[in-house]
Structures are given as C-alpha cells and as structure tokens.
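Q: I'm new to this one. Can you walk me through it, starting with the charged side chains?

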Amino acid sequence: MMWLIIISMLIIAGYTTAVCVKQKGVPYSISATFYAIEHKGWFRFAMWVCPMMLMPAILETSKPGTEFLAFFALVGMIVVGCFPDYKADKFQHQGHVDGATMAVLFSQLWAAFNFWPMLLVWLAYVGYTALSMAKEKEGTFWYKFYRSKPMFWIEIVSFLIIYLICYNR
C-alpha cells in the first residue's frame, strides 16, 4: 500500500508546487489555484485522484472504528473537486466549502484518534503564522493574518499530518 500513499502525495505535491512556481508565490488556498491555471481539469484531477489513491491505504492504516473518519475526509476532498468554481454561484460555493470543511475536520479527527502526537505539527503552522504577522509593519490583526495565507497552510499541514501517519504505520 505504500506505493498508493506515494502516488497520492506526488499528485497533490506536484500539482501544488507547479502552481506555486507558475504563480511565483503561494496562493491563498489550494482551491484558489483553480483560477490560476489555464487547464482547469488539472484541479479536478488532483482533487479526485489524490484521495482515490490514498483511500485503500488510509483505510488499512486506520484503527478499528475510525475508518469512517478517513472515508469522510477523502470524500470531502472529492467534493471540493466537484465544485471547483466556487466563485461562480452560491451552489458551487456551498458545495466547495462543505467539502473543504469535511476534508480538514474529518482528517484531523482521524489523526487525533490514530496517532494524536502528530497533531503537534500544528505548532509549526502557528509559529509560521505568528512570524509572518510580526513581519507585516502595517495593518490590522485580521489583515496581517489574511496576508499569511492561512487557508493554504492549513491545507498543507492537514495533508502533511495524514501522510506522515500513513507512512509511519
């Protein structure tokens, strides 16, 4: 199953890296990359194939009784791929937000029940955000927080935690 984890990781890492390089910077979220790329199908590919490759491995890795959390987390990511144009209308926006919420919430609940110490990776995110905000000379707290691109890093940390747990089991 290790090869499925690696394929899944390479898909999301490759997609995200390619867009960051093309944009010459980090976007506000992985979802925002949909608007930055010319070939929109790549976003769906990443949001669908990445979780589908990870599904068998994460279900096998899961402690008994926590498989449903992993399933809902990965389905949430697939839902995000179903509604990529979240700026288009309220329906797509709601579907996208619901999918993203499912993905982050259930993935971190799964992590908490499967290897809770890995949640300490969130300290790196908090440290990065604090340093990023401290570097901003002007603006309100919320402006400085927004400039740190929190959603992108929340998504990255969520992925990292899941992959690290799957890899180490």
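A: Let's start with a pair. Glutamate 136 and arginine 147 meet through their side chains in a salt bridge, 3.5 Å from N to O. A salt bridge here is a side-chain nitrogen of Lys or Arg within 4 Å of a carboxyl oxygen of Asp or Glu.

Q: Where do glutamate 136 and arginine 147 sit in the chain?
A: The pair links distant parts of the chain, 11 residues apart. Glutamate 136 is in the loop between α5 (122-135) and α6, while arginine 147 is in helix α6. Helices (H or I, at least four residues) and strands (E, at least two) are DSSP runs, numbered from the N terminus.

Q: Before we go on, what kind of model is this?
A: This is a predicted model: local features need pLDDT of at least 70, side-chain atom pairs count only at pLDDT 80 or more, and totals for chains, interfaces and linings use all residues. Residues are numbered from 1 along each chain as its sequence is written, and side-chain values use heavy atoms, with hydrogens and water left out.

Q: Back to the pair. How exposed is glutamate 136?
A: Glutamate 136 has 21% relative accessibility, so it counts as partly exposed. Arginine 147 is partly exposed too, with a relative accessible area of 37%. The cut-offs: buried is under 20% relative accessible area, exposed is over 50%, and partly exposed is in between (1.4 Å probe, protein chains only).

Q: How many salt bridges does the structure hold?
A: One.

Q: What about lysine 144, is it buried or exposed?
A: Lysine 144 is buried, yet has no salt bridge. Its nearest side chain of opposite charge is glutamate 136, 7.4 Å away. Lysine 144 is found in helix α6 (residues 141-147).

Q: Which residues is lysine 144 in contact with?
A: Leaving aside neighbours within four places in sequence, they are Met133, Glu136, Lys137, Glu138 and Gly139. Contact means heavy atoms within 4.5 Å.

Q: New topic. What is the phi of lysine 24?
A: Lysine 24 has a positive phi of about 60°, although it is not a glycine. Most residues other than glycine have a negative phi.

Q: Where is lysine 24?
A: In the loop between α1 (2-23) and α2 (41-61). Lysine 24 is exposed, with a relative accessible area of 78%.

Q: And what about the phi of lysine 149?
A: Lysine 149 has a positive phi of about 55°, and is not a glycine either. Its place is in the loop between α6 and α7 (150-168).

Q: Where does isoleucine 37 belong?
A: Isoleucine 37 is in the loop between α1 and α2. It counts as buried, at 12% relative accessibility.

Q: What does isoleucine 37 touch?
A: Not counting residues up to four places away in sequence, isoleucine 37 touches Tyr15, Val19, Trp42 and Phe43.

Q: Let's zoom out. How many helices and strands are there?
A: The protein chain has seven helices and zero strands.

Q: How much of the chain is buried?
A: Buried residues make up 41% of the 169 residues.

Methods. Lys, Arg positive; Asp, Glu negative; His and termini not counted.
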